[in-house]
Amino acid sequence: MTPPAHAQSGHTEPGRIVIAGLGPGAEDMVTPEVQAALATATDVVGYIPYVNRIKPRSGLVLHASDNRVEVDRATHALQMAAAGRRVVVVSSGDPGVFAMASAVFEALEAGPRAWRELEVRVLPGITAMLAAAAAIGAPLGHDFAAINLSDNLKPWALIERRLQLVGEAGLAMAFYNPRSKSRPHQFARALEVLRAACGEDTLITFARDVTKPDQHLLTVALRDATPEMADMRTMVIVGTRDTRRVGTYVYTPRFAPGHQPRHQPGAQPASPPAPPSAVPSPSQSDQKED
Ligand code: SAH
C-alpha cells in the first residue's frame, strides 16, 4: 500500500489545503472563516492581485503568480500541502465560481493518488454577482443564470447559444469576464444576441469595481447598451422582461409574469385554508425564504 502523502514527505501531520474566497474587494466582506484560515496559513497561493490583498507577516510565504494557467498554480499548492505546509489558495469572490476550487480538484484528480489523503476545505466568499446585484437592488430576485463570457475554456459558439437559450427561457443573466482587450468584438455580438432573445427594452446593468472605492453602476435598456460599457472589472446583469426600476433601484419581481401566487399574505386563498396540522402546507415547505 502506498503510504499517505505526509508519511512519504517525512512530516507527521497530513497536509491540508484550503481554497478560500476573498469576496469582491471590500475588506469587511472577507468572512471570519476565511480570515481565520489566513491567520494560521504558512503559504498563500494565488493570482497577483488577490495575493496582494493579504497582509504579510512572519511565518507566512506569499506565492503571487502571474501564471494564468490555474491548474499549474493548483499543482504547486497541492505539492506544498503534501509536504506538510498549511496552504491557502485564494480567489476573488467565491472560489467555486469561475475560480481556483475546480482547478485544485482538477489537479488533485490528475495528481498522485497520495494527494487524496490531503484534507481539502473550500471556504465560500461573496461572489461578484451577488455583490453587484445587491448594489443595484434585486435584479436576480427570480430565476437566473451565471455565465462566464470568456471563450478561453469553451468555444464562443457555445456561449452565443447559451445566451440565446437562456434569454428565450426568460431567465435573468449575470456575466463574468464580459469583455477583455484580447477579445474586444465578442461582447458587441453578445449584445446583439441578447437584444434578439430578450427584447430591446430589457434592462442591463454594468457594475464596475463593486464594493471598491471606484464602484460605478450604470443601468440602461439593452437598445442603448454599448460594448465599451463593460471591461474585465465589470459584472454585467441582464434582467428579464419584467425587471424594472423603482426610484434609483433595479429589481426583478419574485413571480413569473401573469402567474397568480399560490399563497400571499392578504390575498384571497384559491381554496379554503387547510386545518392546522403538524405537516407544513406546500406553500410553507416548498420555499425556504420569502
Ligand atoms: N471568483 C470570482 C470571479 C472570477 S472571474 C467571483 O466569485 O467573484 C472574474 C470576473 O469577476 C471579472 O471579469 C468581473 O466580471 C467579475 N468581478 C470580480 N470582482 C468584481 C468586482 N469587485 N466588481 C465587478 N466585477 C467583478
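Here is a short chat about a helix pair and some aromatic pairs in a predicted model.

Student: How do helix α7 and helix α8 cross, and at what angle?

Tutor: The axes of α7 (residues 156-168) and α8 (residues 186-198) come within 8 Å and cross at roughly 25 degrees. Angles under 35 degrees count as roughly parallel, so α7 is roughly parallel to α8.

Student: Is that crossing left-handed or right-handed?

Tutor: Right-handed, as α7 passes α8.

Student: Which residues make the contact?

Tutor: From α7 you have Trp156, Glu160, Leu163, Gln164, Gly167 and Glu168. From α8 come Gln186, Arg189, Ala190, Val193, Leu194, Ala197 and Cys198.

Student: And by class, what does the contact of α7 with α8 have?

Tutor: It has 7 nonpolar, 3 polar and 3 charged residues.

Student: Switching to rings. How many aromatic pairs are there?

Tutor: The count comes to 3. One of them is Tyr47 with Tyr50: the ring centres are 5.7 Å apart and the planes sit at 75 degrees, so this pair is edge-to-face.

Student: Tyr50, is that buried or partly exposed?

Tutor: Partly exposed, because its relative accessibility is 26%.

Student: What about Phe187 and Phe206?

Tutor: Those two also form an aromatic pair, edge-to-face, with 6.4 Å centre to centre and 80 degrees between the planes.

Student: Where in the chain do they sit?

Tutor: Phe187 is in helix α8 and Phe206 is in strand β9 (residues 203-208). They are 19 residues apart, so the pair links distant parts of the chain.

Student: Are those two buried or exposed?

Tutor: Phe187 counts as buried at 0% relative accessibility, and Phe206 counts as buried at 2%.

Methods. Residues are numbered from 1 along each chain as its sequence is written. This is a predicted model: local features need pLDDT of at least 70, side-chain atom pairs count only at pLDDT 80 or more; totals for chains, interfaces and linings use all residues. Side-chain values use heavy atoms; hydrogens and water are left out. Axes are lines fitted to C-alpha atoms, for helices over the stretch in contact, and angles run from 0 to 180 degrees between N-to-C directions. Helices (H or I, at least four residues) and strands (E, at least two) are DSSP runs, numbered from the N terminus. Angles under 35 degrees count as roughly parallel, over 145 as roughly antiparallel, 65 to 115 as roughly perpendicular and the rest as oblique. A crossing is left-handed if the near helix is turned anticlockwise from the far one by less than a right angle, and right-handed if clockwise. Contact means heavy atoms within 4.5 Å. Ala, Val, Leu, Ile, Met, Phe, Trp, Tyr, Cys and Pro count as nonpolar, Asp, Glu, Lys and Arg as charged, and the others, Gly among them, as polar. Rings of Phe, Tyr and Trp (its six-membered ring) pair if their centres lie within 6.5 Å; planes under 30 degrees apart count as stacked, over 60 as edge-to-face and the rest as tilted. Buried means under 20% relative accessible area, exposed over 50%, partly exposed in between (1.4 Å probe, protein chains only).
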